[in-house]
Amino acid sequence: MDVKRVQQAQVYYGNVSNIKSSGAEQSARGVTRVDRVQDIQSQKKTAQESKTDKVEFSSQALAAYEQARAQKVENLKQSIQEGSYKVNPSDIANKMLDESW
C-alpha cells in the first residue's frame, strides 16, 4: 500500500498519531487542556461553596430548645432515681451497629 494513501486515510479518519503536529497546534492543545483543568477546578470550588449551608436559630428557638432539653434530662434523672428507667439492650446494640456502619 502507498504510504501517502495511508497518511491521507489517517487524516481523513482522525487517526493522526503518526503525523507530527506543528508547534502552534501543540500549544493550542496545551491551552485547551489548561482551560479544561481550570474549568473542572472552578466547578469543584463552586460545588464546595454550595455545600456550606448556614443555619441560624433565633434566641427564642434556642431558649425553647434548652428548656425542652432540660425538662427531658430532669425526667430521666427522676426515672433513674425511682428505679423505673429500663434499658433495652436490643436498642443499645442496634444504635451501636448503626454508628459503626
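Which residues make a nonpolar surface patch of about 590 Å² here?

What we have is a predicted model, where local features need pLDDT of at least 70 and side-chain atom pairs count only at pLDDT 80 or more, while totals for chains, interfaces and linings use all residues. Residues are numbered from 1 along each chain as its sequence is written, and side-chain values use heavy atoms, with hydrogens and water left out.

Okay, the overall fold. The protein chain has 4 helices and 0 strands, and it reads α-α-α-α along the sequence. Helices here are DSSP runs of H or I with at least four residues, strands are runs of E with at least two, and both are numbered from the N terminus.

Of the chain's 101 residues, 2% count as buried. Buried means under 20% relative accessible area, exposed means over 50%, and partly exposed is in between, with a 1.4 Å probe and protein chains only.

Back to the patch: it's made by L76, I80, Y85, V87, I92 and M96. Patch residues have over 30% relative accessible area and no salt bridge; nonpolar side chains (Val, Leu, Ile, Met, Phe, Trp, Tyr) are joined within 5 Å, like charges within 9 Å. Helices α3 (59-82) and α4 (89-100) each give at least two of the patch residues. Take I92, which sits in α4: it counts as partly exposed because its relative accessibility is 41%.

E56 pairs with K54, with the closest N and O atoms 3.7 Å apart, and both residues are exposed.

Notes: Salt bridge = Lys/Arg side-chain N within 4 Å of Asp/Glu carboxyl O. Areas by Shrake-Rupley, 256 points an atom, 1.4 Å probe, with all protein chains shown as cover.
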